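Reader: Could we go through the salt bridges and one of the helices here? Please begin with the sequence and the model.

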Amino acid sequence: MPYQTKLTLQSRITAYLIIMATVLTAIFTFLQINNQLNTLTQYNIYRAKSGVILVKNALENALLETVDAQQHPAVLESAIRNLTQSGIAENVDIINQQGQIVATTNKYSRLSKLSGREELILKAFFKSTKQSQQHQPQIDKDKRLILQYVPINQLILSSPETADVSSKVSYIAKVHHSL
């Protein structure tokens, strides 16, 4: 006579409890990981927003220290190198009004062309006088990057007698942060 296993009520309840405990643990783990990823993303966006203020101030102060426009690329290159070494930004490209990258921390950026979308963004920044546009992060989920375009204003002394100072956007800093 063949041996038959019968599932008793106790073994069925035990199997059901094990399966349900495993399913609930998996669901809870998934929810916790998802929440942690969202928190990490929000932190990275906050870090990028606060870091861009430091980048803007450092680059504008570097421009204040130079009188000759020929020295701007070297001074900006030194400033962005210091910013990336201190961990404030991961990669910074400085773009002039002609759309050329004049200083960068990425050796490949200098060789690449700007996309049509980036050229439109830069034209809008150079024409705009609004300060609200400067800190809007753009999230590139494919490359897992947070991109921010920051106008770098150069102070201009309008008249030495009255000490009138105006500013104009002379460069745009493209700041990269990992997501």
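**Salt bridges and a helix**

Author: Lys56 and Glu60 are four residues apart in helix α1, so about one helical turn separates them. Helices here are DSSP runs (H or I, at least four residues), numbered from the N terminus. This is a predicted model, in which local features need pLDDT of at least 70 and side-chain atom pairs count only at pLDDT 80 or more, while totals for chains, interfaces and linings use all residues. Residues are numbered from 1 along each chain as its sequence is written, and side-chain values use heavy atoms, with hydrogens and water left out.

Reader: How many salt bridges does the structure hold?

Author: The structure holds two, a salt bridge being a side-chain nitrogen of Lys or Arg within 4 Å of a carboxyl oxygen of Asp or Glu. Lys56 and Glu60 form one of them, at 2.8 Å from N to O. Arg47 forms a salt bridge with Glu90, with the closest N and O atoms 3.8 Å apart.

Reader: Which parts does the pair of Arg47 and Glu90 tie together?

Author: Arg47 lies in helix α1 (residues 9-64) and Glu90 in the loop between α2 (72-85) and β1 (91-95), so the pair ties together parts 43 residues apart in sequence.

Reader: Is Lys56 buried or exposed?

Author: Lys56 is buried, at 8% relative accessible area (buried is under 20%, exposed over 50%, partly exposed in between; 1.4 Å probe, protein chains only).

Reader: Turning to α3, which residues are buried?

Author: Glu118, Ile121, Leu122 and Phe125 are buried in α3. The face turned away from the buried side of α3 carries the exposed residues Leu120 and Lys127.

Definitions and conventions:
Helix = DSSP H or I, 4+ residues; strand = E, 2+ residues; numbered from the N terminus.
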